Amino acid sequence: MSAKLRVAAIISFLLVLGGMILLVAQPGLDPARLQPLAPVGGAWIAFGCAAWLLRKVTLKLAVGLILVGGIALQVVAMTGPPRNSSDSYRYIWDGRVQAAGIDPYLYAPADEGVARLRNDFLWSGTGPGHYGVCLQVNHVSTIDPADSLVAGCSKLNRIKVPTVYPPVAEAYFLAVQLAAPADDSAIPVQAAAAAFAMLVTVILLLGLRRLGKDPRLAALWAWCPTVILECGQNAHVDVVAVALTLVALLLLARAKTEGRTVLGGVLLGLAIATKVTPVLVAPAVLRRGWWLISASVAAAISLVYTPHVLAVGRKIIGFFPGYLHQEGYSTGKGFSVIGLFVHGKTATVVAVVILAAIAVAIYRFCDPDQPWRGGVLMTSAALAVCTPDFQWYAILLVMLVALDGRPEWLAIAAGGYLANNANLHLAGIVITHTRLWGYGGGAAVACACALARYVLERRAAGRVPAVLAGAPPLPEAARAEMADGETTSVRAAADRVIEPTAVYVKPAVSVSIGAGGLPAFAGEDAGAAEPAADLAGS
């Protein structure tokens, strides 16, 4: 395929991807009234084709396509309100509460203590918004009148319980509220999440180059439907945790000093204090210095929690225990794959044992210079074992895949959209257990592709001539340079690798290749190696 045709094909697939995202953001534009899963599936196909074609585009042009395409797709996603989640409305509410000088862990949204902060956008007064709820009657608290529940309808979810989000996430909500108050629209929180998604793209482009890896891998993040829909469309705070985790991994992968290790640990702690999921990369980085990193992570988390603990005491726990129960993790009902074999609290124990065993294996055998590889395995295992309802939990996996360069693991992220559709109707057939099919099927596809990759790489290694087997491989940056057509310096560098090619024992003769390409012989009786005569006629 010619370069122009390849670029035209990439742009075409990106336009298709944007069209599918637009149908999700604004379903009223769909004349066929398709189920949301249909355009999401089309978006994944278009994304895969575009990313595949990008591999052989020149690096400068590829970077431009990644950045422009990523920004355009995020803007398209922002054209409609959040569709698959009401979390962004809770972000707005928590920001309003903090801007009023009230600790976000002190009251539930329906409490009398914050009733004066209600507005028409979040509290319509006539009925719930999309994914919203209504409290029909007041409930008076005999302990503290401020904890009494006030009737009303809201776009928020779980209005009768305190927030579940950690302190760094709450600080982010406050910052967005102060920068652009979302009094009548979710656009400010959507724009903030989209901006963080593009920040991650830029960090990936720079970080991959610095690591000697192909910067084109950043497209696996920038164009991924999970990133587009769950950042620009649904505005999930997970993207902030991903940005902090990415910087932490880049620091820890090349940490040569204690200061750099501590900084990486602090950033990882802040990521965990944004959304708990980044704890999944911890086993892959602890070999860099488990005590120093653990202490840094603990110190960062303690620092951001302390002001809230002093303000609200035990209320800092928020809705977290209730969330675990609601999602079935404390009762064992939430583990769809494990539920095929065991049930109840036994399933919870089995899940903990499986994840602990994988974490120990990653800690012992993962290369600390490539922590993203262990992170991909740990995060994939957690998604396959826990089978969450929420597809945005896979955002962390997408970033790790972009760093690692093995796109087959994105099948698990794609499966999250099937898991989010309970009792799915396809061609008149009702599909139940979608969490099982989504994450279990995605994990099966990812593992099969990973096995095929391993077999093919082993076969390719077996076909390497013995004379070249000992030569050091070219770094990924050099291979990327060759893909750009800049092959002269790389080939010259490869030609300078001169190794002895054979030794004859009787009599002992060593043969080596000189810089000019001619063989030189050295034996026991020879004083020095002499180049061979012209062999052109041989």
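Student: What does the protein chain contain in the way of helices and strands?

Tutor: The protein chain holds 21 helices and 8 strands, and the model is a predicted one. Of its 538 residues, 47% are buried.

Student: Why is Arg 216 called buried?

Tutor: Its relative accessibility is 6%, and buried means under 20%, so Arg 216 counts as buried. This residue is found in the loop between helix H6 (187-210) and helix H7 (219-222).

Student: What makes the pairing of the side chains of Arg 216 and Asp 214 a polar contact?

Tutor: The two side chains are joined at 2.7 Å, whereas the cut-off for a pair of N or O atoms is within 3.5 Å, so the pair qualifies as a polar contact.

Student: How do you know that the reach of helix H12 is close to the expected one?

Tutor: Helix H12, residues 290-312, has 23 residues, and at 1.5 Å a residue 33 Å is expected, while the span from its first C-alpha to its last is 32 Å.

Student: Which residues of H12 are buried, and which helices do they pack against?

Tutor: Ile 293, Ser 296, Val 297, Ala 300, His 308 and Val 312 are buried in H12, and the buried residues of this helix pack against helix H5 (167-179), helix H9 (238-253), helix H10 (258-272) and helix H11 (282-285). An α-helix has 3.6 residues a turn, so residues three or four places apart point the same way.

Key
Residues are numbered from 1 along each chain as its sequence is written. This is a predicted model: local features need pLDDT of at least 70, side-chain atom pairs count only at pLDDT 80 or more; totals for chains, interfaces and linings use all residues. Side-chain values use heavy atoms; hydrogens and water are left out. Helices (H or I, at least four residues) and strands (E, at least two) are DSSP runs, numbered from the N terminus. Buried means under 20% relative accessible area, exposed over 50%, partly exposed in between (1.4 Å probe, protein chains only). A polar contact is a pair of N or O atoms within 3.5 Å; within protein, one must be able to donate a hydrogen and the other to accept it, and residues adjacent in sequence count only if both atoms are side-chain atoms. The expected span of a helix is 1.5 Å times one less than its number of residues. Contact means heavy atoms within 4.5 Å.
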